[in-house]
Amino acid sequence: MSDASQDAARAAAAAQAEAAAKAAQAALDARALLESDTTIDAAMPLLRLIEQYFAETRTGEGPVSTWHSPEIIADRLVEPMPRQPHALSDVARRLATALLADANRLAHPMYIGHQVSAPLPAAVWTDAVISAFNQSMAVREMSPAITPLEHQVIEWMTDLIGWDARAGGTMTSGGSEATLTALLAARSHAVPDVWAKGLGASAPVLVCGEHAHYAVTRAAGIMGLGQNHVVVIPSRAHRMDVQALDERLAILRGRGSRVMAVVATAGCTATGAFDDLEAIADLCARHADDHGPLWLHVDAAHGGGALLSPAHRPRLAGIARARSVAWDPHKTMLLPLAAGMLLVREEHDLDRAFAQQAPYLFAPGGDARAWDMGPRSFQCSRRADVVKVWVALQRYGTDALGALYAHLCAMAQRLHERLTTHATFRPLHEPESNILCFAWLPPGVDDPRERDALTDTLRERYNRSGRGWITSTTLDGRRVLRITVMNARTDGAHIDALVSGLEAEAARVLRG
Ligand SMILES: *Cc1c(COP(=O)(O)O)cnc(C)c1O
């Protein structure tokens, strides 16, 4: 080799060594950054944000929400993706000013809006613990302590329903996943070789109520059933009309249509009404086919919390006759997102929902299969959300959680009482849970479409004012106002403040 080329090779080697040293130093620096974030002191700026939020919303002073357009907020966030680190305290400050300042404050007692909770504080803190340990729930070997815990918590819940040791289930991301999974299991029951051969020409039908959550028809779409295989039973007083169900099931049987499942709702989204589960279970038994009684799935995503309250539990009478139940602890048990559950009367039903082999994950046969949750779930990597459910149960107990459920319902009842004698606001149903729909009937406005438009304006202006937050929906074809009480802090004085706030805003809307 010539001197020149030896020099070039040496220079290249030196450059390579230098680059390697730089890369090693960058990795050391990055790892040191991580280590510097592992103490409570480092975490404090983030934890303080939570403490401040709880404190600021406690008194009910200050706005529930701001009303900046998404463009204004998006503009604040435009910048190149950060290459250099920032101090965690600076990031926390920015999070507070650029983002959390415009978050909807669900912990504010005047937030009486959507079906999302002001979460139980003990569960909020637990979320960090779940992230720290990051046990994935697919297979037992990845979560040796938490997999048995999930089995235990599910057993508590299935006991509450009134099922025996054959029952089982899985945590889910929410009611949508729980219902999809239940219906997949029901589909495999109705069409046993569906996983291998598809539905072909033999698609079964799915029966649900007019007020079923859209998760049900969405599941039908995902499963490839086709909308024309979803039979919708009309409601009477916001509940599934049981006589109409009886008639439709008779017609379907006469036609030789296989009914894959009947979906009942316990705590329906619009009004919080509970379907008559005993009557529906009777019909599922009476219209049995050669697979046995029709599969009854109860969507108790919202109303499942009533099982914890002795006063409200009777609304779920008959739930033990369901074959599968969706129940979201992140709804009326007030857990933070996400905590959903699918519960089945017979655990082996769930093993049929996903008849898939994955030899690199799931041990074939043997004991491992019974513990592993992966085969029962759509998710692979799955967060150990069951830990916060367990912590909430340990910290508060079912007595307190049941008392909280009853309190949320009592607040809807209080609004009902206030509006029953009101001049211009009218409750549209007896509250069966923590939800109430009500109408605004401004004097002299008789055109229903004009009333719809005014109702939407009233809601928008009230929410925009920052003094409270409610929702609206369409009920029996008309725009109506709606509250869902999901915050333990909301009490009678806040319900009264809601009424006076709406009255004041209504007067302004009418003045134009
Ligand atoms: C919220 C809700 C769902 C959907 O559950 P997610 O947790 O949002 O997926 C389904 N059914 C009912 C009755 C619900 O209230």
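Close-up 1. Leu 100 sits in the loop between helix H4 (88–99) and helix H5 (121–133). Helices (H or I, at least four residues) and strands (E, at least two) are DSSP runs, numbered from the N terminus. With a relative accessible area of 36%, Leu 100 is partly exposed; buried would be under 20% and exposed over 50%, with partly exposed in between (1.4 Å probe, protein chains only).

A quick note on what you're looking at: this is a predicted model, where local features need pLDDT of at least 70 and side-chain atom pairs count only at pLDDT 80 or more, while totals for chains, interfaces and linings use all residues. Residues are numbered from 1 along each chain as its sequence is written, and side-chain values use heavy atoms, with hydrogens and water left out.

**Close-up 2. Glu 432 and its arginine partners.** Glu 432 makes a salt bridge with Arg 239, at 2.8 Å from N to O. Glu 432 belongs to the loop between strand E10 (425–427) and strand E11 (435–440) and Arg 239 to strand E5 (residues 239–240), so this pair ties together parts 193 residues apart in sequence. A salt bridge here means a side-chain nitrogen of Lys or Arg within 4 Å of a carboxyl oxygen of Asp or Glu. Glu 432 is buried, at 10% relative accessible area, while Arg 239 is partly exposed at 31%. Glu 432 also forms a salt bridge with Arg 315, where the closest N and O atoms are 4.0 Å apart. Arg 315 lies in the loop between strand E7 (296–299) and strand E8 (324–327), so that pair links parts 117 residues apart in sequence.

**Close-up 3. Asp 349 meets Arg 323.** What distance, N to O, goes with the salt bridge between Asp 349 and Arg 323? It's 2.7 Å. Asp 349 is in helix H12 (residues 347–351) and Arg 323 in the loop between E7 and E8, so the pair ties together parts 26 residues apart in sequence. Asp 349 is buried, at 1% relative accessible area, and Arg 323 is buried too, at 14%.

**Close-up 4. A salt-bridge network.** Asp 127, Arg 383, Asp 385 and Lys 388 are linked in a network of salt bridges. Across the whole structure, a search turns up 34 salt bridges.

**Close-up 5. The largest cavity.** This cavity has a volume of about 60 Å³. A cavity is a set of points, on a 1 Å grid over the protein atoms alone, where a 1.4 Å probe fits but cannot get out; lining residues have an atom within 4 Å of a point. Grid points are joined across faces, edges and corners, and the volume is the space filled by probe spheres set on the points. Among the lining residues are His 189, Arg 258, Asp 289 and Trp 295. The largest share of the lining, 3 residues, comes from H7.

Conventions. On a 1 Å grid over the protein atoms alone, a cavity is a set of points where a 1.4 Å probe fits but cannot get out, and a pocket is an open set with protein on both sides within 12 Å along at least five of seven lines; lining residues have an atom within 4 Å of a point.
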